[in-house]
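Visitor: Could you walk me through this one before I set anything up?
Guide: Gladly; here it is.
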Amino acid sequence: MIKFYGYKRCSTSKKAQKWFDIHNISYQYQDLVEKPPQQEDLLKWLTKFQDRGLRYFFNTSGQVYRQMKLKNQMNNMSIDEAAKLLSQNGKLIKRPLVTDGQKLTCGFKENIYEETWL
């Protein structure tokens, strides 16, 4: 089952949900601001997909990211630190985060969704 971590007020999450709906792909929705992914899950994903870099998982254009001045900390941040931060504040996570346990995408780009989820 595909797990879709989105945010109801995020236009990118809405576009991604619409894409899944149009393609008749079922998913389980979870609001990542109300209930962020657990630290253990994030640690697993950050490790498995570490070739994408930590920045891939962060909402780098978000207010919380800027307020915390995380841009300057990214290069020295460990996977454990990143997992802890992301699990504590869902607004730090690039939306939507979608995974089926084997594959994972952050954000929404139609061509990436076609390659990954069709």
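Guide: A word on terms before the count: helices and strands here are DSSP runs, with at least four residues of H or I for a helix and at least two of E for a strand, numbered from the N terminus. On that basis this model, which is a predicted one, has five helices and four strands.

Visitor: What pattern do they follow along the sequence?
Guide: Reading along the sequence, one finds β-α-β-α-α-α-β-β-α.

Visitor: Switching topic, what about charges?
Guide: There are 20 positive and 12 negative side chains, and the centres of these two sets are 8 Å apart. As for the accessible surface, about 7,000 Å² in total, 45% of it belongs to carbon and sulfur atoms.

Visitor: Let's zoom in on Cys106: buried or exposed?
Guide: Cys106, which has its place in strand S4 (residues 104-106), counts as buried because its relative accessible area is 8%, under the 20% cut-off.

Visitor: Which residues does Cys106 touch?
Guide: Leaving aside residues up to four places away in sequence, Cys106 touches Tyr56, Phe57, Lys94, Pro96 and Leu97. Phe57 is 49 residues from Cys106 in sequence, yet their C-alpha atoms are 6.4 Å apart in space.

Notes. Residues numbered from 1 in each chain as written. Predicted model: local features only at pLDDT ≥ 70, side-chain atom pairs only at ≥ 80, totals over all residues. Heavy atoms only, no water. Areas by Shrake-Rupley, 256 points an atom, 1.4 Å probe, with all protein chains shown as cover. Lys, Arg positive; Asp, Glu negative; His and termini not counted. Charge placed at Lys NZ, Arg CZ, Asp CG, Glu CD. Buried < 20%, exposed > 50% of the residue type's maximum accessible area, 1.4 Å probe, protein only. Contact = heavy atoms within 4.5 Å.
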